[in-house]
Amino acid sequence: MFSRACEYAIKIMIYISANEKERRRTGLKEVTEAIASPEAFTAKILQQLVKSKLLNSYKGPTGGFELVVGKEIRLLDVVLAIDGSQILDACVLGLEHCSSAQPCPVHEQFLLVKEQLKETLLATDIRDNALRNSTINLK
């Protein structure tokens, strides 16, 4: 459903959020090991999350990454930062011209699916205890 980069970004945000409870920053190497992702690819995703103002980045011996303080970060924010709004806006058949006025053969069937996806992404906070306390393996 999401790009590989977006999947990694969601895992990154959940992992960093879990470390937030311990009041510590998370380094690049730690993230790559925790989610089994290539280091260079992970670094680019982290840069994009910082640029999108979802993460703060700090240099030096106590450096690393942390979620932006005082900001509610939704899964929708992560998806938009990495994949953009295409998953919510684009035609599921990939047609260039698809709208309510000029619908594709499955346009109406997917309107509800897209709306439910958007609502779920909007309702899911990265700092949600259910995500942070998850014991699932992020690899």
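**Figure 1. Helix α4 and the glycine that comes after it.** In this predicted model, helix α4 is followed by G84, a residue whose phi is positive, near 75°. Helix α4 itself covers residues 75–83, and its buried residues are L75, L76, V78, V79, A81 and I82. These buried residues pack against four other helices, namely α1, α3 (39–51), α5 (86–89) and α6.

Figure 2. A9 belongs to helix α1, which runs over residues 4–20, and with a relative accessible area of 0% A9 is buried. When residues up to four places away in sequence are not counted, A9 touches I45, L49, V78 and I82. The C-alpha atoms of A9 and T42 lie 8.1 Å apart in space, although 33 residues separate A9 from T42 in sequence.

**Figure 3. T26 in the loop between α1 and α2.** The loop that links α1 to α2 holds T26, which is buried, its relative accessible area being 0%. The side chains of T26 and N19 are joined by a polar contact of 2.7 Å. Apart from its neighbours within four places in sequence, T26 is in contact with Y15, I16, N19, V31, G64 and F65. For F65, the separation from T26 is 39 residues in sequence, while the distance in space is 5.1 Å from C-alpha to C-alpha.

Figure 4. Helix α2 comprises residues 28–35 and includes T32, which is buried with a relative accessible area of 9%. The side chain of T32 reaches back to the backbone oxygen of K29, at a distance of 2.8 Å. With residues up to four places away in sequence left out, T32 touches S37, P38, E39 and T42.

**Figure 5. Two residues other than glycine with a positive phi.** A36 is placed in the loop between α2 and α3, and its phi is near 55°, a positive value in a residue that is not glycine. With a relative accessibility of 44%, A36 counts as partly exposed. K53 likewise is not a glycine and has a positive phi, of about 65°, and this residue is found in the loop between α3 and strand β1 (55–58). The relative accessible area of K53 is 58%, so K53 is exposed.

Figure 6. How many disulfides does the model contain? The count comes to 0. In the case of C104, the closest cysteine sulfur is that of C98, and the two sulfur atoms are 3.7 Å apart, which is too far for a bond, because a disulfide requires a pair of cysteine sulfur atoms within 2.5 Å. C104 counts as buried, since its relative accessibility is 8%. C6 counts as buried as well, with a relative accessibility of 0%.

**Figure 7. A nonpolar patch on the surface.** V92, L93, L95, F110 and V113 form a nonpolar patch on the surface, and together these residues have about 400 Å² of accessible area. One of them, V113, lies in helix α6, which extends over residues 107–123. The relative accessible area of V113 is 43%, so this residue is partly exposed.

**Figure 8. The whole chain as a setting for the close-up views.** The protein chain has 7 helices and 2 strands, and from the N terminus on its elements follow the order α-α-α-β-β-α-α-α-α. Along the principal axes, the C-alpha trace spans about 55 × 30 × 25 Å. Of the 139 residues in the chain, 36% are buried. Among the contacts between residues at least 6 apart in sequence, 62% join residues at least 24 apart. The accessible surface of the chain comes to about 8500 Å², and carbon and sulfur atoms account for 53% of that surface.

Conventions. Residues numbered from 1 in each chain as written. Predicted model: local features only at pLDDT ≥ 70, side-chain atom pairs only at ≥ 80, totals over all residues. Heavy atoms only, no water. Buried < 20%, exposed > 50% of the residue type's maximum accessible area, 1.4 Å probe, protein only. Polar contact = N/O pair within 3.5 Å; in protein donor to acceptor, adjacent residues only side chain to side chain. Contact = heavy atoms within 4.5 Å. Patch = residues over 30% accessible without salt bridge, like charges linked within 9 Å, V, L, I, M, F, W, Y side chains within 5 Å. Areas by Shrake-Rupley, 256 points an atom, 1.4 Å probe, with all protein chains shown as cover. Salt bridge = Lys/Arg side-chain N within 4 Å of Asp/Glu carboxyl O.
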